[in-house]
Amino acid sequence: MLLEAAAIFAICIYGGYFGAAAGVLLLAMLLRTGGATLAHANAGKNVILGVANVVAAVILRHFRAGAVVGVIPLGLGCLVGSRLGLSWSATRPPERSAW
């Protein structure tokens with residue numbers, strides 16, 4: 001749990017500042033450590049990175065790009081979003097494949 005939270009924190013900081021491949025990293029981490037289905041992991045990834053990007057945009061706009069002070073609120077927002085996203089996706093019914 002603590003290792004997963006640290007990994008989400010690190011990926012969200014990276015994703016909030018750079019953005020490149022953060023979705024792939026987060027999806028791989030969620031599937032590897034969480035034991036979730038692909039649909040749940042993908043929903044969680046979308047919520048987590050959505051919150052991380054909103055928090056990053058607000059912080060970078062307020063403090064200007066490159067401010068180290070913005071890392072702490074970005075990480076905290078990412079952790080809160082990750083918990084909310086995973087809880088929300090767990091309540092959704094499983095999707096049926098058309099195949």
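Predicted model: local features only at pLDDT ≥ 70, side-chain atom pairs only at ≥ 80, totals over all residues.
Does E4 count as buried or exposed? At a relative accessibility of 14%, E4 counts as buried, because buried means under 20% relative accessible area.

## Overall architecture

The secondary structure of the protein chain consists of 4 helices and 0 strands. Followed along the sequence, the chain has the pattern α-α-α-α. Helix α1 covers residues 2-17 and helix α2 covers residues 22-34. Helix α3 takes in residues 38-63, and helix α4 takes in residues 71-90.

The protein chain has 99 residues, of which 30% are buried. It exposes about 6600 Å², and carbon and sulfur atoms supply 69% of that area. Among the contacts with a separation of 6 or more, 55% are accounted for by residues 24 or more positions apart.

A search of the whole structure finds 1 salt bridge. Its partners are E4 and R83, whose closest N and O atoms are 3.2 Å apart. Since E4 lies in helix α1 and R83 in helix α4, the pair ties together parts that are 79 residues apart in sequence.

The two partners can also be described by their accessibility. E4 is buried, at 14% relative accessibility, whereas R83 is partly exposed, with a relative accessible area of 33%.

## L86 in helix α4

Helix α4 also holds L86. With residues up to four places away in sequence left out, L86 touches E4 and G44. E4, the residue that forms a salt bridge with R83, is therefore also in contact with L86, heavy atoms within 4.5 Å being what contact means.

L86 counts as partly exposed, at 22% relative accessibility.

## K45 in helix α3

K45 belongs to helix α3. What is the relative accessible area of K45? The value is 15%, and K45 is buried; the reason is that it falls under the 20% cut-off.

The side chain of K45 is joined to that of N46 by a polar contact of 3.0 Å. Not counting residues up to four places away in sequence, K45 touches G23, L26, L27 and L30.

## The nonpolar patch and the aromatic pair

On the surface, Y14, Y17, F18 and L25 form a nonpolar patch. Together these residues have about 440 Å² of accessible area. F18 is exposed, with a relative accessible area of 59%, because exposed means over 50%. Y14, another member of the patch, is partly exposed, at 32%.

How many aromatic pairs does the structure hold? The structure holds 1 aromatic pair. This pair is formed by Y14 and F18, with 5.5 Å from centre to centre and 40° between the planes. A pair of aromatic rings is described by the distance of the centres and the angle of the planes.

Note on methods:
Residues numbered from 1 in each chain as written. Heavy atoms only, no water. Helix = DSSP H or I, 4+ residues; strand = E, 2+ residues; numbered from the N terminus. Buried < 20%, exposed > 50% of the residue type's maximum accessible area, 1.4 Å probe, protein only. Polar contact = N/O pair within 3.5 Å; in protein donor to acceptor, adjacent residues only side chain to side chain. Patch = residues over 30% accessible without salt bridge, like charges linked within 9 Å, V, L, I, M, F, W, Y side chains within 5 Å. Areas by Shrake-Rupley, 256 points an atom, 1.4 Å probe, with all protein chains shown as cover. Salt bridge = Lys/Arg side-chain N within 4 Å of Asp/Glu carboxyl O. Phe/Tyr/Trp six-rings, centres within 6.5 Å; stacked < 30°, edge-to-face > 60°.
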